[in-house]
Amino acid sequence: MIYLYAAVLCGYLMLWILSWKEEGKGPFQRMAMYFWRRGQSRQQRRAGRKRNWQRDLYRRQLGSKLKILQPEVAVQTQIRDHYVSLYSLLLRIGFLGGMICLGVWTAAHSSPLLKEGSYLNRNNFGEGEVPVSLSARVEGKEEEIFAYVVGERKYTTKEAEALYAQAVRLIPKVIRGENDSLEDVRTHLDLVTQLEGYPFTISWESDSYSIVDTDGTVTNEELKEGTVVTLTAHFQYEKLAWDYQMYVRVNPKLYTKQELLRRRIEELLHLQEEYTGTTDKMILPDKVDSMPIVWREIIEDGSGYLLLLALSVAVFLFWVRSREPDRLLENRRKELLLDYPEIVNKLALYMGAGMTIRNAFFKMGEDYRKRRSERKRYVYEEILMMCYELQSGRSEREAYAHFGKRCQVQAYMKLCTLLSQNLRKGSNDLLRVLRQEADNAFAERKNLAKKLGEEAGTKLLLPMMMMLCIVMVVIMIPAYFSFII
């Protein structure tokens, strides 16, 4: 994995060098601008070849959406900024993910426990055991994996004997498992090889392996009467050994050649543990049955999962950002619908005060320009655009038509149609029609507000269900434990 992470970082370095002269606020934006410029160059070179109509259609649709959101900015500039923003986001996530993965890998491989492929450092007395994952590979055999623990330095002989006396009194109760006593064994025994808090390695022997296995498995399906089995527990500690007898059932297990090889390697490991227990290093066995063993430490750094997570996050955020124009368009549509009654009311009010339609729009645009810094409203931005068209010499009929087309909302198209018909035919009922339209628009706005409230309630349903589950868990868990007690 380190080669992959190094390749990623080298790729970023090359991009940083190649994009040094590009425009942008930071290195990632310059890299994104470099990608955009190279993509445009490739498209220009392929202009005479077969074009990708799906990509061209998507870009035209994207340009239309962005033009609606920001009509004062050129379409090509908005498309370029949109893609540069997406590329910059992907590059940031890729760089951050690569750095995190490299850090995790470095931390995992900076201090390996296996030294020179042949020994493990041992902790001093009282510092605890050293867990390590190892793999043993023998020529012509399958690789075996071990979760091994290098023990610390042990007790003196006197201390070991005192601990043995305590362990002997404890062992009958520990190994009986779910049985009432060792005199009436009917289920599996728990033949431990280690006692918590004690330094002994315990091995087991039995005089009847067909009934009780050394791992505590009891085979009593075909027994016709109770059979007493003598089980001997060999307590081993360094060069000290004790034997303790009790009753158990043993059933030997049939091992494959690979399993026998594993047991042999485990025996060699235990022998090496005994021989090197007082040294600073534990020398691993180099041969088993005259066949060499190659040891390799298994290090799980988890950086690969982090890389997969980073890629998943990048894809998800790319998908979210690519849908941003659609979300903004929907928000714009809702805002235009909410502002429509206000626009119609103002038109009716100004015309009732004696203003013309043209002057009424100029009045609304001028009022909005004064408070434009407080909050941007899409409909008033379109009104300002219409005022600029009127000031540049465009006719009112064309300006109203362009206004309705830019809004892309049925209500505004209807309003612009009314205004255009009034200019073309002339009518004294326009004020009455506008007041009636204001009443209808107010009613539609109330319905829209009600619909938005229902949508908000639906969105809150999932958090409410989650809170309900949490409350039920908080109530039921204490009740369950009190019932058990």
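Which residue with a positive phi follows α12? That would be Gly426, whose phi is near 80°. Some notes on the rest follow.

1. Ground rules. This is a predicted model, where local features need pLDDT of at least 70, side-chain atom pairs count only at pLDDT 80 or more, and totals for chains, interfaces and linings use all residues. Residue numbers start from 1 along each chain as its sequence is written, and side-chain values use heavy atoms, with hydrogens and water left out.

2. Helix α12. Helices here are DSSP runs of H or I with at least four residues, strands are runs of E with at least two, and both are numbered from the N terminus. Helix α12 covers residues 410–425, and its 16 residues should span 22 Å at 1.5 Å a residue; the end C-alpha atoms are 22 Å apart, which agrees. The expected span is 1.5 Å times one less than the number of residues. The buried residues of α12 include Ala411, Tyr412, Leu415 and Cys416; buried means under 20% relative accessible area, exposed over 50%, and partly exposed in between, with a 1.4 Å probe and protein chains only. Among the elements that cover these buried residues are α8 (324–352) and α13 (430–459), with contact meaning heavy atoms within 4.5 Å.

3. β1-β2-β8 is the order of an open sheet of 3 strands with antiparallel pairing. Its edge strands, β1 (114–115) and β8 (281–283), each pair on one side only. Two strands pair if DSSP finds at least two bridges between them; β2 (residues 119–121) and β8 have 3 bridges, in the antiparallel sense. Asn121 has Lys281 in β8 as its bridge partner.

4. Strand β6. Of the 8 residues of β6 (residues 230–237), 6 are buried, so the strand is largely enclosed by the rest of the structure. β5 (residues 201–206) pairs with β6 in the antiparallel sense over 6 bridges, and Thr201 stands opposite Gln236.

5. Aromatics. The whole structure has 19 aromatic pairs. Rings of Phe, Tyr and Trp (its six-membered ring) pair if their centres lie within 6.5 Å; planes under 30 degrees apart are stacked, over 60 edge-to-face, and the rest tilted. Trp16 and Trp20 are edge-to-face, at 5.1 Å centre to centre and 75° between the planes. Tyr164 and Trp242 have centres 4.9 Å apart and planes at 15°, so that pair is stacked. This second pair links distant parts of the chain, with Tyr164 in helix α5 and Trp242 in strand β7, 78 residues apart.

6. Charge over ring. The charged end of Arg30 sits over the ring of Trp20, 5.6 Å from its centre. The rule is NZ of Lys or CZ of Arg within 6 Å of the ring centre and within 35 degrees of the ring normal.

7. Salt bridges. The count is 21, each being a side-chain nitrogen of Lys or Arg within 4 Å of a carboxyl oxygen of Asp or Glu. Arg296 and Glu143 form one, with the closest N and O atoms 2.9 Å apart. That pair links distant parts of the chain, 153 residues apart. Glu324 and Arg327 form another, at 2.3 Å between the closest N and O atoms; being 3 residues apart in helix α8, they are separated by about one helical turn.
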